[in-house]
Amino acid sequence: MKKYLFMLLFSIKLFAQEIPISESSVFIYDKNNYGNDFLNIVSPFSMDKNGAVWCHPYNKEFLKIGNVSSTISLKDKDYNFPFLNTVFQLNNCDYYCTDKSILVVKNGKINKNLLLNREKEQALFFKELNNIIYFITIKYIDNPFVSVNTFDGKKITVLKKFFVKNLIASELVKKDNNLYFYLSSKEKIQFYNVNKNKIVLVKQKNNNKIFSSLVGFKDLNNYSVINLENKLFSIKNDSIIKTNINYSGYINDKGIFSNTVRNQKYLYHLENDAFIPFTNSSLGDTYVTKLYSLETNSYYCGTNGSLVRLFPHIKKYPKLYFNSNSNSVFALQQDSKGQIWAGSYQGIMSLITNDNKVLQSKNNDIKFLNGGINYREKMLFFGESNAGLLMYSDINNYKVLADDIIGFYAYISKSKKIFLGTSQQGLWFTDSENLDKSTKIKWNKISDKEGLTVGNILTICEDKFGNIWSGGNGISVYNPNTNKAITWKSNKKTNSEFFSTRASILDTYNTLWFGSKNGELIYYNGKNATDYDEKNFISIKHPLFENGKTITFIHQWHDYLILGASNKILLFDLKKWYANKTVSVRYLNSMEINLTSETEQNTILTDKRDNSIWFATSDMVYQWDIKKWLSLPTFKVVPTIVVKKDSTQIEFSRNRTINFKPTENSFDIQINYQTKDNMPRFINCVLVKKGDKLMFGQPNLQTKYQYMNLSSGDYIFYIRVCQQDGSFEVFEYPICIDSFLWQKWWFWLLILLSIVGVLFYFFLKRNEIEKQKKKLSQLNLSSLSNQFRPHFMLNALNSIGSQMQGKPHAEKVISRLGESINILYGFTQKNEFTLPFKNEWKLVENSIEIQKLLFIPDLQFTVTNENLVPVDYKIPVGLLQIPVENALLHGLRNKIDGNCVLEIDFKEDETHYFVTITDNGVGREEAIKINNFKKNGNGLKTIFEMITIINQHQKNAIVFEIIDQEAPTGTIVKITLHKNIDYEKIKI
């Protein structure tokens, strides 16, 4: 019999227990969110070393559940999957241990299928010790026996076979690093120590009570068992203690019990001879199998219906009103006795008492609004319309303190004044001691007359100087000393919600914080009591504050600000912020909190009794053991992507280029990651073509993306991950979609070069290397004659000199020309087509200086990072000078407004240099009209041909791109140079 299927009867007291008012937070795995059905998981779970979970729905394939999806872990469709017991990962293989066989699996394929037993036999209780798998084979009928067996990865060995006439139960128990074999018959119970190939009897006693299964094992002298009548006994130092408790339920080998009472499913630990419930839920069917995740303090539970995951450190209270719902909790406060008050807009007040009962008010005609407060032994709440401000002495008795107010927030200042935030009536205040008087309170009012123009004041707080701040559709500050206020409001023209706020707080470091309507966390950096300036409002930058979701509450718990961000619960780390301005934002995982509605306005508190956090959403009240949660480890995600095209899929890691053919421009991307917590993360993903602006969207849980009919070019797929420790990282996955050959501009040029090569072959009868040498030499001569014309420069010097006699910059022009000619002359003396970068750069500088002196005196020239490129780095002659010369001659000299700008920017990464030449000239098309300048003129044509030949020997060694701008006009030239171009391959 399988241990986890033993039925244990619970005591009468247990069956009579009341239905609890709270439940654990639960996540349900189903086909919609995890891609598979998880029905009837009655076999145990197994967890791999990375946190993924194996399970086995009845009569279906084995499944493996990861952070964001589930997969069929074995692909053999025709295999008759037996009952899965557990999975071990040893020797780079997965060992699927079933009731019939051990499947040795590698890379998702079954390498071996080792039969463990025969008909009417069953393999059970698989344990691993020192890389050896131990298990028992049991047969209850027809000559019953139990055998203890081992599997070392190669063969199965029977260590010992026990023939027992009156066999009741047997199992293997692993405790610490020891393995025990338990055997129970009608005559006696025995414990054997199992170690490698030895089985030694270490404990034996008479079985007078007819004990069957172990339900809790500490050591050989302390354990718990049940008998055939389902009664629990404890064995302590050989003494038998009867507990007089009957059980029915399901137990696993970790001592976790389950049972269903009415509609509640419970999990229990066996402690001090009693079952202690530690988590429960109304969701799902009876929990048959259980698996505990220490890293997340969660329990996977298989049921006859669905697969659920319970998080005991987060409780929810689903039945505060009419024993049916917890809707519209607008007011959530704790009184001086520790009781939790929950006022609903439904017109009901409920009280959660210290003994975990719910009391509902008899008066059900007050619709409660936000912003209550505890005052001494009394509770203050706001009622809608004419209900006004109410002060409760108990849940059924109250008096009206102000019947002509619609209020949303109450605050008691350091000077013992109570302030009320109202709807369209400004800020009201009085001395708090007036609340105890029987006479009618006369309220002081601060409104537009004093400069406070915020309508619907939803939050109030006090800064370290004693100023009173309020927020709603704007932010106001009131100075009690001057009786004046200042108001800032959002800019409707820009649709900014920066100053619209529902929540604020002064932290223990005396910093004032606000949560905006568009999701930003803002602090005020004023230096003194009257330092009022809009620039003092500073926004904290983090992806989780860019989600556009209103921050509905802010609350400090120790060194954290807890924020309700509509669909998220965020934690801003104050300690890290004040230490070094590090922005660290953690969040309750969407799996463990599983919010079904948005967080309510200013409904959060710290429980005085246990330091837990209470908060409300539109349909639920939650209690969060934040101390337990913060003690759990965090795990960083490093995603990989699976690219699916047609019927194939390939996995890629970050920074590895993904190359597609021109016909492969439609594909799907699946994001994968696996961590020990086995929970999803908030991420942003975007595919950006190189040159386009990177803009992320709101963080979400999406992991599948589809792209259709993309144009050819270089792209980067960005993934921004909000990590569990509060940081965020951006991962890059380069994607290159090639273009069709006939679409490439150099295609026809290559054809032309081929023809020229053939002609050279026939006329010069040289080999291929010599032909390229001749071609490059011609390109050099062509480039030099067309672009630099050194002979022309020499002839022109005299005429230029005569025209510039008496001009102060004549000598500079002639000097620059002479220097350029010297460089070019030296170049022509060498049998090469490259020159050092310092010489090419000097040609560029001389060209710019000459144009500036002669024709473009107002030229604004800037260069950044030119020192990135080593002075001896080899570069094809004219590669930089020609596009710069074109920009000056054709783009900038034709401008008529005189605003001439030329920018050259150098950048690098590990493998490439990037040069960007930008001008704001008239553009190539206009230049053609003005002076019949040919688009991509002779100089550029020569450069393109030279690049083509170089790239034939080294792919993408040089990339040259021209971008025409329309508004504003101008031209951008982008040149990418590989740092290690092997020019030796191109013989000259």
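Before turning to sheets, I noted the rule for pairing: two strands pair if DSSP finds at least two bridges between them. I also kept in mind that this is a predicted model.

Entry: I then looked at β30 (residues 340–344) and β31 (residues 348–352), which run antiparallel and are joined by 5 bridges. Here I found Ala342 opposite Ser350 in β31.

Entry: Next I went to α10, which covers residues 837–854 and has 18 residues. I checked its reach: 26 Å from first C-alpha to last, close to the 26 Å expected at 1.5 Å a residue.

Which residues of α10 are buried? I listed several, among them Phe837, Trp841, Leu843, Val844 and Ile848, and also Glu840, Asn846 and Gln851. What do the buried residues of α10 pack against? They pack against the helices α9 (810–828) and α11 (881–892), and against the strands β64 (834–836), β65 (860–864), β66 (874–876) and β67 (901–908).

**Entry: the whole protein.** Stepping back, I counted 13 helices and 70 strands. Of the 988 residues, 54% are buried. The accessible surface comes to about 45800 Å², and carbon and sulfur atoms hold 48% of that. Finally, among contacts between residues at least 6 apart in sequence, 54% join residues at least 24 apart.

Technical notes
Residues numbered from 1 in each chain as written. Predicted model: local features only at pLDDT ≥ 70, side-chain atom pairs only at ≥ 80, totals over all residues. Heavy atoms only, no water. Helix = DSSP H or I, 4+ residues; strand = E, 2+ residues; numbered from the N terminus. Buried < 20%, exposed > 50% of the residue type's maximum accessible area, 1.4 Å probe, protein only. Contact = heavy atoms within 4.5 Å. Areas by Shrake-Rupley, 256 points an atom, 1.4 Å probe, with all protein chains shown as cover. Expected span 1.5 Å × (residues − 1).
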